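Colleague: I have just opened this one and could use a guided look. Could you walk me through it, piece by piece?

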Amino acid sequence: MRQPTDLCLLCKIRPATKTNSHILSRFISTAFLEGAGARKGFSLDSDTILKQEGDQVVLGRTKTIQDSPKENYILCPECETYLGVVESLSRDTFITWRDKVALNEFSLITVIPGELKVLECTSSNPRIIRLFAYSLFWRASISSLDLFAEYSLPCDIEEELRSTLHKYEGDRLGFLAKIAADPNFSDYPYGVVTSEVFNNGDANFLMAIPHNALGFSTLLIDRFAFMLYQSLQVNDAAMQGPFNNRTLGDCKMMVVPETVWKMLFNEAPARVLLDISKNNIK
Ligand SMILES: [Zn+2]
């Protein structure tokens with residue numbers, strides 16, 4: 001258990017006195033909690049989602065949650081404020097992209113009719129959006145919360161993300177000045193997927209899928225899936241797709257119909273959880 005006297009995991013200089021730091025930025029991680037009526041979701045755990053009752057396997061108790069995961073004593077107040085600056089500068093790209101398409105600020109280009117579109121976030125700063133994505137992967141990797149217990153990036157990537165994020169630490173003006181003065185940093189390829197519409201967003205997940213043998217890891221954050229690749233050599237179909245952000249100047253997302261989203265990011269992860277749980281029972 002970390003203490004307020006431990007050093008901040010981002011700057012490694014100041015004490016990590018901040019409490020309730022969100023691991024996944026709140027603005028993209030809580031829409032699925034906003035269903036009809038009370039704000040709540042369910043924490044599905046492969047250890048408890050299924051349980052044996054006599055001869056039968058039944059659904060276990062799920063824990064009700066009302067906010068996305070928070071952790072104490074991982075950051076100092078200055079680094080918490082800095083990550084908040086990166087978040088606030090990134091928010092509109094994720095939350096109002098449909099409005100930006102309507103205003104011709106972003107382009108939505110059909111690649112495969114009925115299956116795949118690419119969103120070009122032309123008016124966003126690609127480096128800021130990339131740093132925001134890095135901050136999600138880094139926070140999930142350093143978190144000790146149960147949701148991220150199985151999730152960590154390879155040490156060298158985690159440290160590279162930390163030092164890259166730390167390099168630009170500052171308040172809003174300081175951060176923007178540093179990015180403008182020194183715009184180059186490690187360009188791990190990353191991808192973002194979302195759905196064109198969410199008529200039934202209540203089935204969405206928060207899930208961290210560890211770095212796999214192919215060389216990438218995935219964060220499923222409600223209405224967005226983020227993939228981070230260790231290099232351009234990763235042999236994955238999505239990595240080679242036209243929506244992937246390969247260079248520092250890229251700022252794209254893959255946009256799929258809701259049916260495809262459900263298949264990839266609701267049903268497939270639910271099946272993985274159920275399979276792990278069934279194996280635990282055997
Ligand atoms: Zn710090």
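Colleague: Let me start with a detail: which residue is the bridge partner of L206 in β11?

Modeller: Please keep in mind that this is a predicted model. The bridge partner of L206 in β11 is I221, and M207 stands opposite L220 in that strand.

Colleague: And in what sense do β10 and β11 pair, over how many bridges?

Modeller: Strand β10, residues 206–209, and strand β11, residues 216–221, pair in the antiparallel sense, and there are 4 bridges between them. They form a hairpin with 6 residues between the strands, where G215 takes a positive phi near 105°.

Colleague: What about L214, where is its place, and is it buried or exposed or something in between?

Modeller: L214 has its place in the loop between β10 and β11, and with a relative accessibility of 46% it counts as partly exposed. If we leave aside the neighbours within four places in sequence, L214 is in contact with V234 and N235. From L214 to Q233 the C-alpha to C-alpha distance is 9.6 Å, although the two are 19 residues apart in sequence.

Colleague: How many residues of β11 are buried?

Modeller: In β11, 6 of its 6 residues are buried. In a regular strand the side chains alternate between the two faces of the sheet. For β11 both faces are covered, with F216, T218 and L220 buried on one side and S217, L219 and I221 buried on the other.

Colleague: What is the strand order of the open sheet?

Modeller: The open sheet has 7 strands in the order β7-β8-β13-β9-β12-β11-β10, and the pairing is mixed. At the edges stand β7, residues 107–112, and β10, each with a single partner strand, so one side of each is left without a neighbour in the sheet. On average, neighbouring strands of this sheet are turned by 20° against each other, with direction ignored.

Colleague: Changing topic, which residues coordinate the zinc ion?

Modeller: The zinc ion is coordinated at 2.3 Å by the SG atoms of C8, C11, C76 and C79. The angles among its 4 donor atoms run from 101 to 115°, and the site is tetrahedral. Ideal angles for four tetrahedral donors are 109.5 degrees.

Colleague: What spacing do those donors follow along the chain?

Modeller: The donors of the zinc ion follow C-x2-C-x64-C-x2-C. C11 lies in the segment before β1 (21–22) and C76 in the loop between β6 (70–71) and α2 (77–95), so this pair ties together parts that are 65 residues apart in sequence. C11 counts as buried because its relative accessibility is 4%, and C76 is buried with a relative accessible area of 0%.

Colleague: One last thing, at roughly what angle do the axes of α2 and α6 cross?

Modeller: The axes of α2 and helix α6, residues 172–181, cross at roughly 75° and come within 9 Å, and the two helices are therefore roughly perpendicular to each other. Where they meet, α2 brings Y82, V85, V86, S88 and L89, while α6 brings R172, F175 and L176.

Technical notes
Residues numbered from 1 in each chain as written. Predicted model: local features only at pLDDT ≥ 70, side-chain atom pairs only at ≥ 80, totals over all residues. Heavy atoms only, no water. Donors = N, O, S within 2.8 Å, 3.2 Å for Na, K, Ca; no water. Tetrahedral: all angles 85-135°; square planar, octahedral: opposite > 155°, others 65-115°. Buried < 20%, exposed > 50% of the residue type's maximum accessible area, 1.4 Å probe, protein only. Pairing = 2+ DSSP bridges. Axes fitted to C-alpha atoms, helices over the stretch in contact; angles between N-to-C directions. Parallel < 35°, antiparallel > 145°, perpendicular 65-115°, else oblique. Contact = heavy atoms within 4.5 Å.
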